[in-house]
Amino acid sequence: MRKIITPFINAFKIPDLRKKIVFTLFIFAVFRFIAYVPLPGVDITALRKLFTQNQFLALLNMFSGGTLINFSIMALGLNPYINASIIFQLLTLIFPKLEELSKEGELGREAINQYTRLLTIPLSFLQGFGMYTLLRNQGIIVSQAPIRLFSMLLTMSAGTMLLMWLGELIDEFGMGSGISLLIFAGIVGRFPVSFAQTAAVLTSEQIFNTLVFILMAVGLVVGIIFVDEATRKINIQYAKRIRGRKMYGGGSTYLPVKINQAGVIPIIFAASFLLFPSMIGNFLGNVSNKTISSLAASLASFLTPGNFMYNIIYFVLVIGFTYFYTTITFNPEKIAEEIKKYGGFIPGIRPGKPTSDYLNYTLSRITLAGAIFLGLVAIIPALARSLTGITTMMLGGTGILIVVSVVLEITKQLEAMLVMRDYEGFLEK
């Protein structure tokens, strides 16, 4: 705990870092304020009661940053943007032109980000209409005239774009990844509510189950920190080179390969992938065609969070997305080429393709351990609720992973900035 708090205390002593932290906190305040500005025509009390009984909506609310439970103008949160990002990640593997664009450095990434923003708009309308239909069927929101419905969907889409803009402001002027921090703020903002709901219904018989639930959460935090910090160090040696009468180079270093190379992204991708067909199933559940409505109801029931098949599919998807995202972010061929370029080699492995094959083999084995851990983290909430019977504590493994990962990321970023400033001060002396 001291290792996490100390960088924040030291950062406040440096004006430019203090400015970044204050700006990020200001964006948090704006985000939480707007999260309580509701859209008209919604029974908020009934909506919150529904959320305590429906794990699908609770999970959707978590990825919206806590805005959906109030049905605010930001009710959709970042879900459309996350889905758009997943679509373009998949399209990059299918279309060579997009793959070439992704390899063009900052300019190519900015172009893909712009396409992602544009795709977010129609997805916002589609998901907003699905959410409206679901809540209307539950009697929580009254039917709207077409012009009022369009106005509501337009407002919700604008709220999503505003949330994206706030995230980009954090990226530019604040600390850390804006999208991750806004999800983090929404999860942390639900802590007091979850604890209060649990305390309100707590009985003497449930005290032991609550303690078990808390111990599982603490154990999960310890496991997340351990896996997040765990790395496989691959030794790399550099040959000595003679230029003129002097000898350069030599020595050895190591290439750190993290067990959890993908972070929290695979769980977000897998959850969004499962939420979308569930939303479509709920949307089509009350159409006039009995065949379609029956199939849609079966789909929604099959993909209901908490049931056995949902957990199995969720677990498998997390493993698949972990490998997928790791393949995108860690390129063994490129790393092997860089090592060879600077005269390095892995002891016992020839430079070039043998090095690439060795890195690929090592990465696949390490990623399997990290993928299984992430899969377990994803389904632990359902297991904890079934074992303890505690349903008011909606914070699960996914939320804890996001919170811990974001805190560790910010801590490392602050430590790096503090070290850099100390080094610059040393150079000035």
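Student: Over which residues does pLDDT stay under 50, and how many contacts beyond four places in sequence does the model have for them?

Tutor: In this predicted model, pLDDT stays under 50 over residues 423-429, and the model has 0 contacts beyond four places in sequence for that stretch.

Student: What is the average pLDDT of the chain, and where is confidence lowest and highest?

Tutor: The chain averages a pLDDT of 76, and 75% of the residues score at least 70. Confidence is lowest in strand 3 (residues 246-249), with a mean of 59, and highest in helix 8 (residues 146-173), at 87.

Student: Why is Thr-362 called buried?

Tutor: Buried means under 20% relative accessible area. Thr-362 has 6% relative accessibility, and therefore counts as buried. Thr-362 lies in helix 16 (residues 353-388) and touches Arg-232 and Ile-234, with residues up to four places away in sequence not counted.

Student: Why does Leu-211 count as partly exposed?

Tutor: Exposed requires over 50%, and buried under 20%. At 49% relative accessibility, Leu-211 falls in between and so counts as partly exposed. Leu-211 lies in helix 11 (residues 207-229). Together with Ile-207, Ile-214, Val-218 and Val-222, Leu-211 makes a nonpolar surface patch of about 440 Å².

Student: How do you know that the reach of helix 5 is close to the expected value?

Tutor: Helix 5 (residues 79-94) has 16 residues, for which 22 Å is expected at 1.5 Å a residue. From its first C-alpha to its last, helix 5 reaches 23 Å, which is close to that value. Its buried residues include Tyr-81, Ile-82, Phe-88 and Thr-92.

How values were computed: Residues are numbered from 1 along each chain as its sequence is written. This is a predicted model: local features need pLDDT of at least 70, side-chain atom pairs count only at pLDDT 80 or more; totals for chains, interfaces and linings use all residues. Side-chain values use heavy atoms; hydrogens and water are left out. Helices (H or I, at least four residues) and strands (E, at least two) are DSSP runs, numbered from the N terminus. Buried means under 20% relative accessible area, exposed over 50%, partly exposed in between (1.4 Å probe, protein chains only). Contact means heavy atoms within 4.5 Å. pLDDT is the predictor's confidence in each residue, from 0 to 100. Patches are made of residues with over 30% relative accessible area and no salt bridge: like charges are joined within 9 Å, nonpolar side chains (Val, Leu, Ile, Met, Phe, Trp, Tyr) within 5 Å. Accessible areas come from the Shrake-Rupley method with a 1.4 Å probe; for residues, only the protein chains shown count as cover. A salt bridge is a side-chain nitrogen of Lys or Arg within 4 Å of a carboxyl oxygen of Asp or Glu. The expected span of a helix is 1.5 Å times one less than its number of residues.
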